Amino acid sequence: MTKTPLLLLAALLFETQSALAFSVSHDFSVQIGPFNASRTNFEYALTPADYRVESTVQTNGLFDTLYPFRADYATTGKINGDNLETRSYKYTSKSRFTSRSRELVYDQNGKPLYRLSTKNGKEKKVDILPDAKNKGTTDLQTVFAELARQYNRLKFCDSRMEVFDGKRRYDVIFKDEGKDLLNDEALPYKGNAVKCSMYIDSLGSSGDDLLWDVTQDEPIYFWIMEDSVKKLPFIAKIEIESTPLGKLQVLTKNVTIRD
């Protein structure tokens, strides 16, 4: 089961009125091949000074019997002008035989200092040495917060963002794919949408999970719609055409916006 938070793509549900504080939550259903694989929640909270991003992935049904998995992700950071600067990143997961966690510890300027990793209770601390290649990078959850701010202001996805996860340096590339009409019967949200794509450029790094492998060869597509009441952009659907288990679709079942 992938350890990379695919459903972080739901972070496209962001409003960027800097004078307001609010939170946005997505509820997703994840389909992989014939499996109704998981239910997922993603929540983003923003104030004029800081932000918080949290997500949970939990397998269910037959897929949970075959590949039981749960993962929780949490990021906090500061907003400095147009920049979102990570201050903490935590990840925990549990599968049938393995439990893992990772925490990145940052200084007051958002520079990563060290990572704490555990596997089945065994802890390891690794100092992050200064490296020019890591300057200006951020974590994956913050990348989607930055993309959402850009999209809401400029109405396009095209961008290349630099990520350092405490171990690997890679780039996330977003591209505009034009307009599309969503009318899937399984979707509660139908109508005109903007289609975008996402690739991972590994920059020579090696990956160890499904998403990492797949997105180097083909894109993740996602469709952005606008909330009819609040006029906020949100992700209505995510799709990977081909994975080892078949097509992967993430369908937004409910969106909750709180002021």
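How do the residues lining the largest cavity divide into nonpolar, polar and charged? Keep that in mind while you make the first selection. The model on screen is predicted.

**Stop 1: the cavity**

Select Leu104, Tyr106, Pro112, Thr137, Thr138, Asp139 and Phe164. These residues line the largest cavity. The lining divides into 4 nonpolar, 2 polar and 1 charged residue. The volume of the largest cavity is about 40 Å³. The structure has 1 cavity of 30 Å³ or more. Rolling a probe the size of a water molecule over the atoms shows where empty space is left.

**Stop 2: aspartate 165 and arginine 102**

Clear the selection. Pick aspartate 165 and arginine 102. Their side chains form a salt bridge, 3.9 Å from N to O. The two partners come from distant parts of the chain, 63 residues apart. Aspartate 165 lies in the loop between β9 (159-164) and β10 (169-182). Arginine 102 belongs to strand β6, residues 99-106. Now colour by accessibility. Aspartate 165 counts as buried because its relative accessibility is 13%, under the 20% cut-off. Arginine 102, at 22%, counts as partly exposed.

**Stop 3**

**Stop 4: lysine 237 and aspartate 184**

Select lysine 237 and aspartate 184. They form a salt bridge whose closest N and O atoms are 2.9 Å apart. Lysine 237 sits in strand β13, residues 233-240. Aspartate 184 sits in the loop between β10 and β11 (191-201). Aspartate 184 is partly exposed, with a relative accessible area of 23%.

**Stop 5: a network**

Which residues do salt bridges with shared partners join into one network? Select Arg160, Arg169, Asp171 and Asp201 together; these four are the members. Display side chains and follow the contacts from one to the next.

**Last view**

Zoom out to the whole model. How many salt bridges does the count come to? The total is 12.

How values were computed:
Residues numbered from 1 in each chain as written. Predicted model: local features only at pLDDT ≥ 70, side-chain atom pairs only at ≥ 80, totals over all residues. Heavy atoms only, no water. 1 Å grid on protein atoms, 1.4 Å probe; cavity = no way out; pocket = protein on both sides within 12 Å on 5 of 7 lines; lining within 4 Å. Points joined across faces, edges and corners; volume = space filled by probe spheres on them. Nonpolar A, V, L, I, M, F, W, Y, C, P; charged D, E, K, R; others polar. Helix = DSSP H or I, 4+ residues; strand = E, 2+ residues; numbered from the N terminus. Buried < 20%, exposed > 50% of the residue type's maximum accessible area, 1.4 Å probe, protein only.
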